[in-house]
Amino acid sequence: MKVLIVDNERHILMSLGRCLSDLGYDIECCDNAIDAKHSYEAFRPDLLIADISLPVAYTVMPFINKSRGNTAGLELLKYIRLIKKESTPVMVVSCHSDEGVFNKSFELGVNDYAKMPLSISEIEARVKRLTGSTRLCLN
């Protein structure tokens with residue numbers, strides 16, 4: 001199974017990537033919405049784990065709503081659900097406390113929304129549920 005992890009914080013990418021790799025998942029990581037869009041197209045993940053607060057260059061992703069500020073993760077989700085019309089499971093991992101962002105995520109078809117901080121074991125359990133896996137993390 002392939003998992004695409006998108007977060008602009010390197011330590012989160014490394015922690016999640018290591019644990020899920022230890023579980024036997026094929027992992028690809030991106031730290032911005034532009035790379036995530038391209039990786040999504042090329043990698044074709046079975047699960048997307050993404051932060052909402054991602055940096056973006058608006059000229060490269062014209063579908064991004066500039067008024068949303070640093071919520072490029074929502075725009076990435078719009079791209080996957082509304083433009084590509086794909087149903088890849090998506091788990092949002094974010095420290096966003098804005099209820100509007102939370103609600104919009106689910107309106108756009110997020111399968112799970114985890115507020116930071118959370119433990120690797122909690123993410124592991126959520127990933128297992130979304131992928132139907134019974135694998136155990138070895139760390």
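This section describes the overall fold of a predicted model, the packing of its helices, and its cysteines.

The chain comprises 5 helices and 5 strands. Along the sequence, these elements are arranged in the pattern β-α-β-α-β-α-β-α-β-α. Of the 139 residues in the chain, 49% are classed as buried. When contacts between residues at least 6 apart in sequence are considered, 59% of them join residues at least 24 apart.

Two helix pairs, both involving H3, were examined in detail. The packing of two helices is described by the angle between their axes together with the distance between those axes. For helix H2 (residues 33-43) and H3, the angle is about 25 degrees and the axes lie 10 Å apart. Because angles under 35 degrees count as roughly parallel, H2 is roughly parallel to H3. The crossing of this pair is right-handed. On the H2 side, the contact is formed by Ala33, Ala36, Lys37, Tyr40 and Glu41, and on the H3 side by Ala72, Leu76, Tyr79 and Ile80. Classification of these residues gives 7 nonpolar, no polar and 2 charged.

The second pair consists of helix H3 (residues 72-83) and helix H4 (residues 99-107), the axes of which come within 10 Å and cross at roughly 15 degrees. This angle is likewise under the cut-off of 35 degrees, and H3 is therefore roughly parallel to H4. The crossing of H3 and H4 is left-handed, whereas that of H2 and H3 is right-handed. Leu74, Leu77 and Lys78 of H3 make the contact with Val101, Lys104 and Ser105 of H4. By class, the contact of H3 with H4 contains 3 nonpolar, 1 polar and 2 charged residues.

The cysteines were considered next. A disulfide is a covalent bond between the sulfur atoms of two cysteines. A search covering the whole structure returned 0 disulfides. Cysteine 19 has a relative accessible area of 2% and is buried, since the buried class comprises values under 20%. Cysteine 95, by contrast, has a relative accessible area of 56%. This value lies over the 50% limit for exposure, so cysteine 95 is exposed.

Definitions and conventions:
Residues are numbered from 1 along each chain as its sequence is written. This is a predicted model: local features need pLDDT of at least 70, side-chain atom pairs count only at pLDDT 80 or more; totals for chains, interfaces and linings use all residues. Side-chain values use heavy atoms; hydrogens and water are left out. Axes are lines fitted to C-alpha atoms, for helices over the stretch in contact, and angles run from 0 to 180 degrees between N-to-C directions. Helices (H or I, at least four residues) and strands (E, at least two) are DSSP runs, numbered from the N terminus. Angles under 35 degrees count as roughly parallel, over 145 as roughly antiparallel, 65 to 115 as roughly perpendicular and the rest as oblique. A crossing is left-handed if the near helix is turned anticlockwise from the far one by less than a right angle, and right-handed if clockwise. Contact means heavy atoms within 4.5 Å. Ala, Val, Leu, Ile, Met, Phe, Trp, Tyr, Cys and Pro count as nonpolar, Asp, Glu, Lys and Arg as charged, and the others, Gly among them, as polar. A disulfide is a pair of cysteine sulfur atoms within 2.5 Å. Buried means under 20% relative accessible area, exposed over 50%, partly exposed in between (1.4 Å probe, protein chains only).
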